[in-house]
Amino acid sequence: GALALLQASALRARFPRLEAEATLRLGHALQRGGDPRTARAYLERSLALREAAEAPDSPWLAEARVGLADCLVDLGERTLARGLVEQAVRAQAAHNELGAHFRAPLRGVALRLKTG
């Protein structure tokens with residue numbers, strides 16, 4: 001609902017970070033609900049918005065890359081997922097202040113890529 005309101009708003013262009021966050025969360029929910037194909041479109045949109053709004057080593061950009069990578073693993077697209085994980089690793093390495101809760105999803109996707 002929040003995403004639909006934001007997308008219908010005349011102020012949408014002023015809040016790309018909010019839209020990126022909403023599409024990321026919706027993508028996660030769809031993936032966890034067993035629909036990674038639909039989730040992928042939302043996760044790709046989140047990544048595109050964050051690429052346009054964030055610095056290359058942004059932890060928020062890394063978060064979007066990790067979300068899409070996780071979905072791509074579900075879809076069997078491991079090569080694309082690896083590239084996103086590598087970019088996220090470099091970005092997170094630039095931010096020693098990130099807590100374990102922020103780093104955990106990247107570790108989880110990297111582990112899935114190693115074991116799958």
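The exercises below, each with a worked solution, concern a predicted model of one protein chain.

**Exercise 1. Find which element of the chain has the lowest mean pLDDT and which has the highest.**

Solution. Start from the chain as a whole, for which the mean pLDDT is 93, with 99% of the residues reaching 70 or more. Then turn to the elements, among which helix α1 (residues 2–8) has the lowest mean, 76, whereas α4 has the highest, 98.

**Exercise 2. Classify the aromatic pair of W60 and F102, and explain what it ties together.**

Solution. A search of the whole structure finds one aromatic pair. The rings of W60 and F102 lie 5.3 Å apart, centre to centre, with 85 degrees between their planes. Because planes over 60 degrees apart count as edge-to-face, this pair is edge-to-face. W60 belongs to helix α4 and F102 to helix α6 (residues 100–115), so the pair ties together parts that are 42 residues apart in sequence. As for accessibility, W60 is partly exposed at 43%, while F102 is buried at 15%, because buried means under 20%.

**Exercise 3. Trace the salt bridges of R50 with E21 and with E63, and name the network to which they belong.**

Solution. The structure holds eleven salt bridges, and two of them are followed here step by step. In one, the side chains of E21 and R50 meet at 2.6 Å, N to O; E21 lies in helix α2 and R50 in helix α3, so this pair ties together parts that are 29 residues apart in sequence. In the other, E63 pairs with R50, the closest N and O atoms being 2.8 Å apart; since E63 lies in helix α4 and R50 in helix α3, the parts tied together are 13 residues apart in sequence. Salt bridges that share partners join E21, R25, R50 and E63 into one network.

**Exercise 4. Locate the partners E54 and R17, and decide whether E54 is buried or exposed.**

Solution. The side chains of E54 and R17 meet in a salt bridge of 2.8 Å, N to O. E54 lies in the loop between α3 (36–53) and α4, and R17 lies in helix α2 (residues 16–32), so the pair ties together parts that are 37 residues apart in sequence. With a relative accessible area of 17%, E54 is buried.

**Exercise 5. Describe the surroundings of R65.**

Solution. R65 is found in helix α4 (residues 59–74), and its relative accessible area of 8% makes it buried. Leaving aside neighbours within four places in sequence, R65 is in contact with L47, E51, P56, L84, Q87 and A88.

Note on methods. Residues are numbered from 1 along each chain as its sequence is written. This is a predicted model: local features need pLDDT of at least 70, side-chain atom pairs count only at pLDDT 80 or more; totals for chains, interfaces and linings use all residues. Side-chain values use heavy atoms; hydrogens and water are left out. Helices (H or I, at least four residues) and strands (E, at least two) are DSSP runs, numbered from the N terminus. Buried means under 20% relative accessible area, exposed over 50%, partly exposed in between (1.4 Å probe, protein chains only). Contact means heavy atoms within 4.5 Å. Rings of Phe, Tyr and Trp (its six-membered ring) pair if their centres lie within 6.5 Å; planes under 30 degrees apart count as stacked, over 60 as edge-to-face and the rest as tilted. pLDDT is the predictor's confidence in each residue, from 0 to 100. A salt bridge is a side-chain nitrogen of Lys or Arg within 4 Å of a carboxyl oxygen of Asp or Glu.
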